[in-house]
Amino acid sequence: MGSVTSPDPLAPRLPSPLHGIRDDRFARRGVRLLLKRDDLVHPELVGNKWRKLAPNIAAARGRPLVTFGGAYSNHLRATAAAGRLLGLPTTGVVRGQELADRPLNPSLARCAADGMRLHFVDRTTYRRKNEPATLAAILRAAGAEGAYVVPEGGSNVEAVRGCRALGEELRGHADLVAVACGTGGTLAGLAAGLAPAQRALGVPVLRGGFLEAAVQTLQEEAFGARSGTWSLADRFHCGGYARTTPDLLAFAQDFEQRHGLPVERLYVAKLLYGLLTLAEEGAFARGTTIAAVVTGRPDPEGGR
Ligand SMILES: Cc1ncc(COP(=O)(O)O)c(C=O)c1O
């Protein structure tokens, strides 16, 4: 009898599918819109989560994982899912000590159900989590000393290098590649992977204007220098993280109906809304092909 090898639970579908959609509002402006379906890369590590976590899991070499996030963090959920799939202990350090005494929201409940140990810290400590002494104290209190630390949002050197493959998959397929940005790690890698004639556009979903410097720093750490041609369109955050406007929600619902694409509201909707607004303002030359990266999908459990 031959030996039985168990399938890799993190096996991705790569390259992720790329397909054009017919949208008259873009077509009128001479713009072709493609969707890069990174939401189909892995059923549980959706989109950029797989691209960022897989290289970190390899670097952890079987050590437990500890990471950080807010109460609705997609990244915490993806890390917890990876832990369950791989049989790897995970700890999630959650922003907000006050949450420790409340029932878990659906997103954190899912993390816990996947076996993640949740450790709540006050907001001041959380803000200082990258200072070595504070980090050491958090890890000690969480019982996670010796664990492999993945930063908030999952964006470190390994993650950024992992996201370079996203750009490489899009070589020769579009003039402009657009992606929604939280920490900027996905944009940093993607831009570095594109061909020299291609451009990347990031649409920040957080307010604060910190992203230009953050992406540059991530690229310097991962590749030694600013890499590729990229810029930010910083006016589509709709008020900040997890904020929405009636216009944005109406746009997302309409887009779902037109194209049969489930539109994740906190990142992907802002990206597509930003692209449509820019197209209607004439920001793209006629004949431009844009690939929009679908980095997530709506959460059926009501988390974010
Ligand atoms: C669905 C989705 N899209 C985009 C992003 C942004 O990724 P980054 O933090 O690399 O900018 C995130 C980040 O968590 C996300 O959950």
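This is a predicted model: local features need pLDDT of at least 70, side-chain atom pairs count only at pLDDT 80 or more; totals for chains, interfaces and linings use all residues.
Helices and strands here are DSSP runs, a helix being H or I over at least four residues and a strand being E over at least two, and they are numbered from the N terminus. Residues are numbered from 1 along each chain as its sequence is written.

UniProt positions follow the numbering used here, feature names are shortened, and annotations may be inferred rather than shown by experiment. Is Ser 73 buried or exposed? Ser 73 is buried because 25 other C-beta atoms lie within 10 Å. The rule is that 20 or more other C-beta atoms within 10 Å of a residue's own make it buried, 12 or fewer make it exposed, and anything in between is partly exposed, with C-beta atoms placed from the backbone.

Next, find Lys 49, in helix α2 (residues 48-60). The UniProt record, again an unreviewed entry, lists "modified residue: N6-(pyridoxal phosphate)lysine" at Lys 49. Lys 49 has 25 other C-beta atoms within 10 Å, so it counts as buried. Not counting residues up to four places away in sequence, Lys 49 touches Asn 74, His 75 and Ala 78. Contact here is when the C-beta atoms of two residues, placed from the backbone, lie within 7 Å.

Now for the ligand. Which residues come nearest to it? Of the 17 residues around the ligand, those are Gly 182, Thr 183, Tyr 267, Thr 295 and Gly 296. A residue is near a molecule or strand if its C-beta atom, placed from the backbone, lies within 6 Å of it. At least two residues of the shell come from each of α3 (74-86), β7 (176-181) and α8 (185-193). By class, the shell has three nonpolar, 13 polar and one charged residues. In this sorting, Ala, Val, Leu, Ile, Met, Phe, Trp, Tyr, Cys and Pro are nonpolar, Asp, Glu, Lys and Arg are charged, and the others, Gly among them, are polar.

On to how helices pack. Helix α10 (residues 246-259) and helix α11 (residues 268-280) meet at an angle of about 90°, with their axes 10 Å apart. That angle is why α10 is called roughly perpendicular to α11. The residues in contact are Leu 248, Phe 251, Ala 252 and Phe 255 of α10, and Ala 269, Lys 270, Leu 272 and Tyr 273 of α11. Sorted by class, this contact has seven nonpolar, no polar and one charged residues. The axes are lines fitted to C-alpha atoms, for helices over the stretch in contact, and angles run from 0 to 180 degrees between N-to-C directions. Angles under 35 degrees count as roughly parallel, over 145 as roughly antiparallel, 65 to 115 as roughly perpendicular, and the rest as oblique.

Zoom in on Leu 248, which sits in helix α10. Leu 248 is buried because 20 other C-beta atoms lie within 10 Å. Leaving aside neighbours within four places in sequence, Leu 248 is in contact with Cys 238, Ala 269, Lys 270 and Tyr 273.

What about Arg 25? Look for it in helix α1 (residues 24-27). Arg 25 has 12 other C-beta atoms within 10 Å, so it is exposed. Beyond its neighbours within four places in sequence, Arg 25 is in contact with Leu 276, Ala 279 and Glu 280. Arg 25 and Leu 276 are 251 residues apart in sequence, yet 7.5 Å apart in space, C-alpha to C-alpha.

Most residues other than glycine have a negative phi, and most peptide bonds are trans. Arg 61 has a positive phi, near 50°, without being a glycine. You'll find Arg 61 in the loop between α2 and β3 (65-69), and it counts as exposed because there are 7 C-beta neighbours inside 10 Å. Ala 242 has a positive phi too, about 65°, and lies in the loop between β9 (229-232) and α10. With 13 other C-beta atoms within 10 Å, Ala 242 is partly exposed. As for the peptide bonds, a cis one joins Leu 14 and Pro 15, with omega about -5°. Pro 15 belongs to the segment before β1 (18-21).
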